[in-house]
Amino acid sequence: MTLHSLKIALRSLWKYRFFSTINIIGLSLGIAACLLILMHVRTELSYDKFHDTPEEIYRVGMVAQVQDELTSYPVIGYPWGDYLKELPQVQGVVRIFTPGNVFLEYKDERFEEENFFYADSTYISVFSLDFIAGTPATSLQGPNQVVITEPTAKKYFGNSDALGKIIQAEINGQQVDLQVSGVVKAYPKTSHFQFDFLASMSTLVPLFGGPDAPIFQSPSFSSVYTYFRSQEPDAVETQLKAIYASKVSEENKDFLKDMFLQPLVDIHLYSNLIAEIQPNGNGTFVYIFIGIAILILLIACINFINLATALAANRSKEVGMRKVLGAIKAQLVPQYLGESVIVTFISLVLAIGLAVLMRGVLA
C-alpha cells in the first residue's frame, strides 16, 4: 500500500467513523474472547508437562468391586511400590500419601494445612523439584524430615533461614517434631497436585502402626498414590498383572479386581476417579471451548463482512466518480483492502490488550 492509498483509507475510515467504530469494537471483542479461551485451553493442555520427560511418568490405579459394582481408584496398596522397584523396566518409583488436613505449630502459632503429603525418598527420581536450600538426595531419607515450598517458608519463618527449623505437627492424634530438610520452589498451577509440605515416608510408618501394620503389608489395602518412571509402560503393565496373580490372595481378589496405568500428562483432563489427589479438569470441556472460540471468531468475521458490505452500497457513487476521473481497478482495490487491514490491525491490538487485562483480572 502506498502512502497516498494509506491517507485515503484513513480519511475514509474517519468519514464513516460510526461504521468503523462498530467494526473495530465487534472484531476486538470477538478476537479477545477467542484469545482468552485459547489461553485457558493452552493452560489445561500443559498440566504436568513441566517435569523432566513427563511422558515417561505413570500412575498406577486399581479396579475394585464395591457393593457389586466395579469402581476405579487412583490409589493402590503400599507393597506395590516395592514390587515396581524390582522390575527392570522401571527407572524410579515414588509413593505419596495424604493424611488430610494436618495441624502445625510454630512459635505458638497454629495452622491447619491441607496440602500436606508424605513421600518416599525416591521422589526426585520421578518428579522434578527445584531446590533452593537443602540436599535433594537426602532431604526425605530420615524420619521426621520435611521439605517445604518457598511460600510456606516465608509464611512460617519470614526472611530467616528455614533449613533445620522445627515445626510441631499433630498427625493421626500424635505429636511429631518435623525438621525442615529442604526448601523448594512451589509447583506451577499446571500441576495435578500442589503441596506445601512433603514429609518423609519413614515419618508415616510408626504413626500408623509400624511396618507390620495392614496398611503397609496388604497389596489390596488402597492407601497410596504410586507413580513410576518407565519407557516401557506396556511391559510394566503386563508384569503388574502377573504380580497381581501371584501376590494377591483369592480372598482379596474378590475386592481387588485389576490394575491399570495412567500417563501423568493425561491425569488432569482424563482422570476423575474416586479419591483423586485433588480435583481435576475435563477433557471434553476443552474441546467444547475450542469449538466456542472458533464460533465466536467466525461470528465476529461475519459481522465485519456484513458491515463492510452495507457500507459498500453507500460508497458506490464514490467508486463511480473515481472511475469517471480515470481510476482503474488496481488503484481502487488497495484502498479498500487497506481500510480492512487497518481496521483488523487496530482490532487485533485492542483485543490483545483486552485479553491480557482480563487474564490478569481472572487469574
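Buried residues account for 45% of the 363 residues in the protein, as computed from a predicted model. The secondary structure of the protein consists of 12 helices and 13 strands. Of the contacts in the protein with a separation of 6 or more, 75% are formed by residues 24 or more positions apart. The accessible surface comes to about 19000 Å², and carbon and sulfur atoms contribute 60% of that surface.

On this surface, I25, L29, L354, L357 and M358 make a nonpolar patch of about 430 Å². At least two residues of the nonpolar patch are supplied by each of two helices, α2 (17–45) and α12 (329–362), and the largest share, 3 residues, comes from α12. One of the patch residues, L354, lies in helix α12 and has a relative accessible area of 30%, so that L354 is classed as partly exposed, a category that lies between the buried limit of under 20% and the exposed limit of over 50%.

V205 is classed as buried because its relative accessible area is 15%, and buried means under 20%. When its neighbours within four places in sequence are left aside, V205 is in contact with G210, P211 and F216. For F216, which is 11 residues from V205 along the chain, the separation between the two C-alpha atoms is 8.0 Å.

Terms used: Residues numbered from 1 in each chain as written. Predicted model: local features only at pLDDT ≥ 70, side-chain atom pairs only at ≥ 80, totals over all residues. Heavy atoms only, no water. Buried < 20%, exposed > 50% of the residue type's maximum accessible area, 1.4 Å probe, protein only. Contact = heavy atoms within 4.5 Å. Helix = DSSP H or I, 4+ residues; strand = E, 2+ residues; numbered from the N terminus. Areas by Shrake-Rupley, 256 points an atom, 1.4 Å probe, with all protein chains shown as cover. Patch = residues over 30% accessible without salt bridge, like charges linked within 9 Å, V, L, I, M, F, W, Y side chains within 5 Å. Salt bridge = Lys/Arg side-chain N within 4 Å of Asp/Glu carboxyl O.
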